[in-house]
Amino acid sequence: MAEIKVPDLGDSITEGTLHKWHVKQGDAVKQGDVLAELETDKVNLEIAADEDGVIEQIVRQDGDSVLVGEVIAILGAGGSSASPAPAASSEPASAEPQVAAAVEAPTKPADVTAAASAPEAVPAPDADTYATPGARRLAREQGIDLKSVQTRDPLGRVTQDDVEAQARAKAAGTSAPQAAAPAPAASAPAAKAASAADAFAGKAVDIQKMSRRRQTIAKRLVEAQQTAAMLTTFNEVDMTAIMDVRKRRKDRFKEKYEVNLGFMSFFTKAVIGALKAYPLLNAEIAGDELIVKKFYDIGIAVSAKEGLVVPVVRDADRLGFAEIEKEIVELANKARNNSLSISDLQGGTFTITNGGVFGSLLSTPILNAPQVGILGMHKIQMRPVGVDNERIELRPMMYIALSYDHRIVDGAEAVSFLVKVKELLEDPESLLLEG
């Protein structure tokens with residue numbers, strides 16, 4: 001018998017949400033098989049089996065919040081729970097069609113199978129109580145009736161934490177909750193949803209739980225605005241020269257490097273050139289210290305199905321145009337396929353975000369803390385531009401925005417940084433020298 005635990009998720013991540021189980025109780029699995037998908041603040045990760053066996057117990061269900069190292073399932077030796085399944089009567093078989101209809105459906109048949117295959121004798125009074133093996137063992141040791149334990153699990157399952165809380169209450173002389181106590185906990189989500197719906201006076205609404213990633217995005221954006229003295233400065237770029245280079249070089253570039261020559265490589269190079277000239281935009285605040293970074297890991301904001309992510313192009317100053325384009329394409333594909341790793345997202349010294357792909361003409365990007373600068377790109381639009389005192393021409397123009405932390409970056413430096421970006425973009429050959 002082996003415990004399936006939440007794996008180490010990286011230095012900054014301590015918990016996640018069980019997004020989806022890919023197996024159910026009683027299933028035989030082989031080493032390397034994907035058992036479940038875990039949603040974290042940054043990416044979704046797959047939890048795989050470390051050895052062959054049979055899923056004896058699913059301890060935590062879809063939607064549960066879990067900590068690193070927490071046991072989420074029990075894996076038994078191959079064949080150890082193959083025979084009990086039929087002995088659990090026809091209930092699991094009758095519940096099987098519900099699996100495709102609802103995420104919560106595996107809960108009941110899973111627990112029935114567990115009760116049938118448990119190797120230890122279960123006292124008759126507790127036979128109908130859904131509880132984890134650890135909870136049952138602790139309840140026997142403490143002399144606690146499982147029926148009297150109040151659980152916080154919305155599905156009414158008794159965990160070891162619930163039994164421990166009951167034991168502490170018993171030791172303190174607190175009266176034990178009655179068996180009917182779990183009912184409010186089980187109906188709490190429904191009651192909360194009902195009360196939220198009532199607020200709209202019978203109007204049609206769709207109430208959805210925010211994903212962990214969306215909750216984290218919301219929290220970090222608010223924190224960025226509350227902790228940083230954030231300001232935004234604007235400028236505009238004449239894209240004529242870049243568009244001319246792309247028009248002349250794109251076919252040969254694609255043929256040679258097997259990737260399109262996009263705008264992001266030009267902007268990445270221009271940002272690096274400006275960061276070298278104004279290094280405080282490549283810094284961060286750590287307590288009462290200022291850390292100025294001498295490397296250039298550029299974050300590229302990507303809109304994925306489950307929310308915005310910012311994968312990082314490492315040491316972008318050492319990469320050529322083709323290498324930058326390939327890296328961005330690879331990271332964007334991984335983001336949309338939900339296959340980014342934690343290492344793809346960690347770090348980053350400065351961020352570029354492109355609202356122009358969605359048609360945005362002008363915006364104020366929010367800092368990606370702890371970074372102190374973010375560049376916003378926007379839609380390219382033909383606008384009349386005075387090229388000299390006598391001529392006005394239609395030119396492809398783009399507004400660009402720099403949001404910065406005024407605690408360490410002064411306005412003059414921020415404006416100068418953005419002007420430098422503009423100058424480099426309007427003279428693409430200079431990017432070979434300064435970017």
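**Entry 1: H10 against H13**

I started with helices H10 and H13, which are oblique to each other. For that word I use these cut-offs: under 35 degrees is roughly parallel, over 145 roughly antiparallel, 65 to 115 roughly perpendicular, and the rest oblique. A helix here is a DSSP run of H or I with at least four residues, a strand is a run of E with at least two, and both are numbered from the N terminus.

A note on the source before going on. This is a predicted model, where local features need pLDDT of at least 70 and side-chain atom pairs count only at pLDDT 80 or more, while totals for chains, interfaces and linings use all residues. Residues are numbered from 1 along each chain as its sequence is written, and side-chain values use heavy atoms, with hydrogens and water left out.

Back to the helices: the axes of H10 (residues 264–277) and H13 (residues 411–426) come within 9 Å and cross at roughly 135 degrees. Axes are lines fitted to C-alpha atoms, for helices over the stretch in contact, and angles run from 0 to 180 degrees between N-to-C directions. I noted the crossing of H10 and H13 as right-handed; that is the near helix turned clockwise from the far one by less than a right angle, with anticlockwise being left-handed.

Which residues of H10 and H13 meet? On the H10 side I listed Phe266, Phe267, Ala270, Val271, Gly273, Ala274 and Leu275, and on the H13 side Phe417, Lys420, Val421, Leu424 and Leu425. Contact means heavy atoms within 4.5 Å.

**Entry 2: the whole chain**

I looked up the totals next. The protein chain has 14 helices and 19 strands. Of its 435 residues, 42% are buried, where buried means under 20% relative accessible area, exposed over 50%, and partly exposed in between (1.4 Å probe, protein chains only). Among contacts between residues at least 6 apart in sequence, 62% join residues at least 24 apart.

**Entry 3: a four-stranded sheet**

I then followed an open sheet with the strand order S5-S4-S2-S7 and antiparallel pairing; strands pair if DSSP finds at least two bridges between them. Strands S5 (44–48) and S7 (65–67) stand at the edges with a single partner strand each, so one side of each has no neighbour in the sheet. The twist averages 45 degrees from one strand to the next.

Strand S2 (residues 15–21) and S7 run antiparallel and are joined by three bridges. What is the bridge partner of Thr17 in S7? I found Ser65. Across S2, strand S4 (34–39), S5 and S7 lies helix H8 (residues 212–227), running at about 150 degrees to S2.

**Entry 4: charged pairs**

Side chains of opposite charge can pair when their charged atoms come close. My rule for a salt bridge is a side-chain nitrogen of Lys or Arg within 4 Å of a carboxyl oxygen of Asp or Glu, and the count comes to 15.

Glu236 and Arg383 form one, with the closest N and O atoms 2.9 Å apart. Glu236 sits in strand S9 (residues 230–238) and Arg383 in strand S18 (residues 380–386), so the pair ties together parts 147 residues apart in sequence. Glu236 is partly exposed at 30% relative accessible area, while Arg383 is buried at 12%.

Arg60 and Asp64 meet in a salt bridge of 3.2 Å, N to O. Are they buried or exposed? Arg60 is buried, and so is Asp64.

Asp388 and Arg391 form a salt bridge with closest N and O atoms 2.8 Å apart. Asp388 is partly exposed at 37% relative accessibility, and Arg391 is partly exposed at 44%. I put both in a network of salt bridges that also links Asp238, Glu393 and Arg395.

Most residues other than glycine have a negative phi, and most peptide bonds are trans. I looked for exceptions.

- Glu258, not a glycine, has a positive phi of about 60 degrees. Glu258 lies in the loop between helix H9 (240–257) and H10 and is exposed at 70% relative accessibility.
- Asp315 also has a positive phi, near 45 degrees. Asp315 is in the loop between strand S15 (312–313) and helix H11 (321–336), partly exposed at 28%.
- Ala369 and Pro370 are joined by a cis peptide bond, omega about 5 degrees. Pro370 is in the loop between S16 and S17.

Gly359 is found in the loop between strand S16 (350–354) and strand S17 (373–377). Gly359 is partly exposed at 39%. Its C-alpha is 5.6 Å from that of Lys379, 20 residues apart in sequence.
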